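This briefing covers a metal site and a strand arrangement. Please keep the sequence and the coordinates open while reading.

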Amino acid sequence: MARSKRAGEVVVAVPDVGDVLARAAVEWLAPLRGQLSAMHRQNRLPHALLLLGQPGAGQSELGMWLAALLLCDGQEAAACRACAGCRLFHAGTHPDFYRVRPEEDAAVIRVEQIRGLSESFALKSFRGRAKVALVDPADAMNINSFNALLKTLEEPSDNTYLILVASRIDRLPRTIVSRSARLRLPLPVAGEALAWLNECRKYAGWERLLALANGAPFLALQYADAGLEEIDTQMQEAMNSAEKSQLDIIATAAAWSRDQPEARLYWLESWLTGQLREAALPSDLANNNRLPWLRVAAREPMIRAGYRLLDTLREARMLVNGALNTQLLFEGLLISLMALVGGAPGS
Ligand SMILES: [Zn+2]
């Protein structure tokens, strides 16, 4: 089974170029594809393009799709997949395509990688056509990498295209954002996402995984590949222990911080949201057997504490991929959670 390599990253087999491009062809990205190919046809594509979307919204896939289009020798609305350029691209050997991502076991894109990209971009195109770089995820650059990239952005060479893929615009310096044209990716409505996931693979748990992926279909697919159903069971067991005040906070925080912390935060958020939704029902409708923590006399303060914890969880999700001690973060969250559902002192 796949294991987490770094905070928030689910490690699965890298899909081949054909699979990535097939994913980018989903219906809900059609307006963006149309927009990009119209700009390409009219020679209006900016030198630097920032594709933004929630994790798993398809920005990586769309970035590859655009790179393929730019490197295709044909004049179609999408890469033809048959010309010499497309064949090189599919084989992963196109000499004018630069894919920059964190190297094995590294969390960040190093400055040397960006310098290498800048040097290559300054050279003539091997095939006498466009040169394309895909930096994915761009929010994995550190400050030195950003500064090195800024030079390339400020002095673009002819017929070069820099595609930046990111999910967090607040992790990108303003100098980078202001020099890039921004495109934000939409998420499909749940029904459309589920239909697409079921086409990919028949699986009864898609609704659950899609909720854990915050509605992002490509992330739900990654979760399925990484066996996240197991995490669902583990988390439910942990909540049962928390209600009995039997959860080992230190050991649990250590385990969660090592294994798909972001997915666990999503899980906790959706679990607590469900609990609070039930708590808001009139007491004769609420299933109080399922919510023992709400049987206490101090019902209203508990609900308020629940909403405060929900805010903290959302903030934590924003922080978990940053340079933050994930174990400490989980310890803090588990202390609040135990205080809430376990009726421990301090609630
Ligand atoms: Zn082609």
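The notes below take the metal site and then the sheet. The model is predicted. A zinc ion is held by four cysteine SG atoms, those of C72, C80, C83 and C86, and an open sheet has five strands in parallel pairing.

**Zinc site**

- The SG atoms of C72, C80, C83 and C86 coordinate the zinc ion at 2.3 to 2.4 Å.
- Along the chain, the donors of the zinc ion are spaced as C-x7-C-x2-C-x2-C.
- C72 and C83 both sit in the loop between α3 (59–71) and α4 (84–91), so this pair ties together parts that are eleven residues apart in sequence.
- C72 and C83 are both buried.

**Sheet**

- The strand order in the open sheet is β2-β3-β4-β1-β5.
- β2 (97–100) and β5 (181–184) are at the edges with a single partner strand each, so one side of each has no neighbour in the sheet.
- Direction ignored, neighbouring strands of this sheet are turned by 15° against each other on average.

**Pairing of β1 and β4**

- Strand β1 (residues 48–52) runs parallel to strand β4 (residues 160–166), and five bridges join them.
- L49 stands opposite I163, which belongs to β4.
- Strands of a sheet pair through backbone hydrogen bonds, in either parallel or antiparallel fashion.

Key: Residues are numbered from 1 along each chain as its sequence is written. This is a predicted model: local features need pLDDT of at least 70, side-chain atom pairs count only at pLDDT 80 or more; totals for chains, interfaces and linings use all residues. Side-chain values use heavy atoms; hydrogens and water are left out. Donors are N, O and S atoms within 2.8 Å of the metal (3.2 Å for Na, K and Ca); water is not among the atoms, so sites may look incomplete. Helices (H or I, at least four residues) and strands (E, at least two) are DSSP runs, numbered from the N terminus. Buried means under 20% relative accessible area, exposed over 50%, partly exposed in between (1.4 Å probe, protein chains only). Two strands pair if DSSP finds at least two bridges between them. Axes are lines fitted to C-alpha atoms, for helices over the stretch in contact, and angles run from 0 to 180 degrees between N-to-C directions.
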